[in-house]
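Here is a short briefing to read alongside the structure. Have the viewer open, and follow the topics in order.

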Amino acid sequence: SSFAAKRNNPDYLSVDKVSKQFGGFTAVNNVSLTIKKGEIFALLGASGCGKSTLLRMLAGFEKPSSGDIYLQGDQINNLEPYQRPINMMFQSYALFPHMTVEQNLAFGLKQDKLDKSKIQKKIDEMLSLVQMEHLKARKPHQLSGGQQQRVALARSLIKEPKLLLLDEPMGALDKKLRARMQLEIVNIIESLGVTCVMVTHDQEEAMTMADRIAIMNAGEISQVGTPSEVYEQPNSRFTAEFIGSVNILEGVVKVDEPNYVTIHCNDTEADVYIGHGITCFEGQPVAVALRPEKVAISSYAPDQKYNYVTGVVKEIGYFGSHSVYHVELPSGKEMLVTALNDIRWGNERLTWGDTVWVHWDDNAAVVITE
Ligand code: ATP
């Protein structure tokens, strides 16, 4: 690659205006991303959003229709998969069924014509890292799902790829094992300092494993951020609704006090504070996102001028540590409120049919732009 390309791409992995068309259909639309060295980055989205197609372009199984991919400044989008210093772990693991764990790990190294003692040393290191030394003579069908996954991970890391790609890594595991393997895989990847891009449709998995997440929608990226950024500061209705549950309130701007900007909302009794000194005009339509755990619920009116609404409890979802209250507002809209079932908080016992007030602090509502 040219010096200019390297200079212009100081990021470790850089996806530059990449699109992929299949016939007339656009699966990935003008996506740009930069990923840092050592980062675990998740592509998150619903089925069909294009996340696998993007991952396959990183691996080289698909070629972009337009745009470029750079790894450490080198343009790689025209390289064949085997020419890329990249390894992919598939959801199905793709282990060789007739080979032992050890032989599965040795395979790629033998192809590279590494000498025997060096191969053995790498295998032993890897087996120890994934805690599979004691099972090295087994064949894949003699292993549990979690064990097979450890072998698949070891095999994809043993050639020290510059980039590890994970395709729905926990897809084949049950819920409890998933949660444990998520942390285990992160520990292994981080201990080696490997840069990793993973694809998942599971928001919890992305939140637990990734340093940053790109939320994809219809071939495009709707937001990139750390797990807490995408949760706390969703930039759009799509992101807000995709990650966790959320209340969306719509209204029009009403500048009450100088610089104190609120919206007048048909669903709420009180106006809703949206910010200080923000650029907007009187009457401008605005929507805000309000997470259920950022609002409080009580059987009495709060002592505040803004940010409250009254309603009736229509439904209570009990989740052990917390409950979710569905409160019907006079407008017919429903609001969700999460409350901890924690005796230390001395929460009121509210029940179906109770008239309640839902209220929140100025900093709870986040303006969403689209
Ligand atoms: P899933 O989670 O279901 O795998 P995804 O988000 O990974 O979904 P992709 O597999 O990237 O989605 O597919 C994105 C879109 O591109 C889909 O509408 C899919 O039907 C289409 N697509 C993918 N591969 C091809 C192909 N080889 N030919 C035609 N269309 C394709």
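The chain is divided into domain 1, residues 3-240, and domain 2, residues 245-368. The centres of these two domains, taken over C-alpha atoms, are separated by 40 Å. Please keep in mind that this is a predicted model.

**Where the domains meet**

- The contact between the domains takes 6 residues from domain 1 and 6 residues from domain 2.
- On the domain 1 side, the residues that touch domain 2 are 2 nonpolar, 3 polar and 1 charged.

**The chain as a whole**

- The secondary structure of the chain comes to 9 helices and 20 strands.
- Along its principal axes, the C-alpha trace spans about 75 × 50 × 35 Å.
- The chain has 370 residues, and buried residues make up 37% of them.
- If you count contacts between residues at least 6 apart in sequence, 64% join residues that are at least 24 apart.

**Around the ligand**

- One part of the shell to find in your viewer is the run Ser 47, Gly 48, Cys 49, Gly 50, Lys 51, Ser 52 and Thr 53.
- Helix H2 gives the most to the shell around the ligand, with 3 residues.
- By class, the residues of the shell divide into 4 nonpolar, 7 polar and 1 charged.

**A closer look at helix H6**

- Helix H6 covers residues 175-192, which makes 18 residues.
- From its first C-alpha to its last, H6 reaches 26 Å, close to the 26 Å expected at 1.5 Å a residue.
- Which residues of H6 are buried? They are Arg 178, Met 181, Gln 182, Ile 185 and Ile 189.

Conventions. Residues numbered from 1 in each chain as written. Predicted model: local features only at pLDDT ≥ 70, side-chain atom pairs only at ≥ 80, totals over all residues. Near = placed C-beta within 6 Å. Helix = DSSP H or I, 4+ residues; strand = E, 2+ residues; numbered from the N terminus. Nonpolar A, V, L, I, M, F, W, Y, C, P; charged D, E, K, R; others polar. Buried ≥ 20, exposed ≤ 12 C-beta atoms within 10 Å, placed from the backbone. Contact = placed C-beta atoms within 7 Å. Expected span 1.5 Å × (residues − 1). Domains from an automatic or database assignment.
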